[in-house]
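Student: I have a model open and would like to learn how to read its features. Please take me through them in turn.

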Amino acid sequence: MGMAHTAKLTFYRCLAFCAVLFVLTACIGSAPAPPIPIPTRTAIPASAFSTSTPVPTPVVGETAIPESSPEIQSVDLEEPFTTQEVLGRSTGGHPIEAYHFGSGPISVALIGGIHGGYEWNTVLLAYEMIDYFSEHPDEIPASITLTIIPEANPDGIVLVTGHTGRFDPGELAENTFPGRFNANEVDINRNWNCNWEPVAFIFEIEINAGSAPFSEAETRVLRNFILKNDVTTVVFWHSQMSAVFPGDCDAPHEPSRAVARLYADAAGYDYLDSFDQYPVSGDAANWLASQDIAAIEVELAERNEVEFEQNLDGVRAVLAALSEDASGAAR
Ligand SMILES: [Zn+2]
């Protein structure tokens, strides 16, 4: 017992001594080694910043990037850019404007007023959304670029208000129905290339769907913007049915259905698989679904109300789901 104990102690002492010796040798051995000693390194940054000598910059850059890049990102998050752009001109020559928020890789578009002055509340809703996200840029997830197009059919707005841009409901003409169409008297939401027919319907009323799919300037401006920017999700605001419909060109489009359900649940509107009150030809969301772009049509409950909070909840739900998908994919 005693012998064994002493032997053990000796063994550990030896081990400890060896370890100390090893560390010492290592230290002594490495001490004279660095040919690029500390003085040289501290001297480099000072001269690098003042004279930008090409040789030392990589060293400074390599050490600086990991520390400073999170700061650069957080600056971007605090101030996501909000930009305004004219996408093109309507048939009547009025600007079709877009407001962009954030700079993430997933592009989402919210479109008001495709039915112009007839559904003017969707234009005011879009302007309220623009104001809201301008004041709350932090609500745009980092993975999202949100674009809001308030007046997809400005000719129809001019017809009932006398001008483009923001308006007061008091300015509206008594009969807003003619404001549904563009300056060619074409319904922009019957001019897309899914089951297009030259004559379309609103209930039994025959309406002009244009001379061919995409014959109208407004349709082309919207289509080109969506395709050029790889917009993945498009929300069209209409009124009034208190329901949300997914794009569907003769075949259920699951991505559109998923977005429609999400929006309907959050906003408190009904979700409906398809619109069956009368045949719809040349519909925008249906064509987008045929291009595998998630598209929905949100029919507000009223024609004279903006229903902002409900729709903000709908938009928030869609943005949150898309950004979660993005972070899931990144993992
Ligand atoms: Zn409509």
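Tutor: Start with burial: a residue is buried if 20 or more other C-beta atoms lie within 10 Å of its own, exposed if 12 or fewer, and partly exposed in between, with C-beta atoms placed from the backbone. This is a predicted model, in which local features need pLDDT of at least 70, side-chain atom pairs count only at pLDDT 80 or more, and totals for chains, interfaces and linings use all residues. Residues are numbered from 1 along each chain as its sequence is written.

Student: Why is serine 290 classed as partly exposed?

Tutor: Serine 290 has 19 other C-beta atoms within 10 Å, so it is partly exposed. Helices (H or I, at least four residues) and strands (E, at least two) are DSSP runs, numbered from the N terminus. Serine 290 belongs to helix H8 (residues 284-290).

Student: Which residues does serine 290 touch, not counting residues up to four places away in sequence?

Tutor: Contact means that the C-beta atoms of two residues, placed from the backbone, lie within 7 Å. On that count, with residues up to four places away in sequence left out, serine 290 touches Cys194 and Cys249. Between the C-alpha atoms of serine 290 and histidine 253, 37 residues apart along the chain, the separation is 7.9 Å.

Student: How many residues of helix H5 (residues 154-161) are buried?

Tutor: Eight of the eight are buried, so H5 is largely enclosed by the rest of the structure. Its buried residues pack against E2 and helix H4 (120-135). Glycine 162 follows H5 and has a positive phi, near 90°.

Student: What is the strand order in the open sheet?

Tutor: Two strands pair if DSSP finds at least two bridges between them. The open sheet has eight strands in the order E1-E2-E4-E3-E7-E10-E8-E9, with mixed pairing. Strand E1 (82-89) and strand E9 (270-271) are the edge strands, each pairing on one side only.

Student: Which way do E1 and E2 run, parallel or antiparallel?

Tutor: E1 and E2 run antiparallel and are joined by seven bridges. Valine 86 stands opposite glutamate 97 in E2. Their hairpin has five residues between the strands, and glycine 93 there takes a positive phi near 90°. By contrast, strand E3 (residues 106-111) and strand E7 (residues 231-239) run parallel, joined by five bridges. Leucine 110 has valine 235 in E7 as its bridge partner.

Student: Which helix lies across E1?

Tutor: Axes are lines fitted to C-alpha atoms, for helices over the stretch in contact, and angles run from 0 to 180 degrees between N-to-C directions. Helix H6 (residues 217-228) lies across E1, strand E2 (95-101), E3 and E7, and runs at about 135° to E1.
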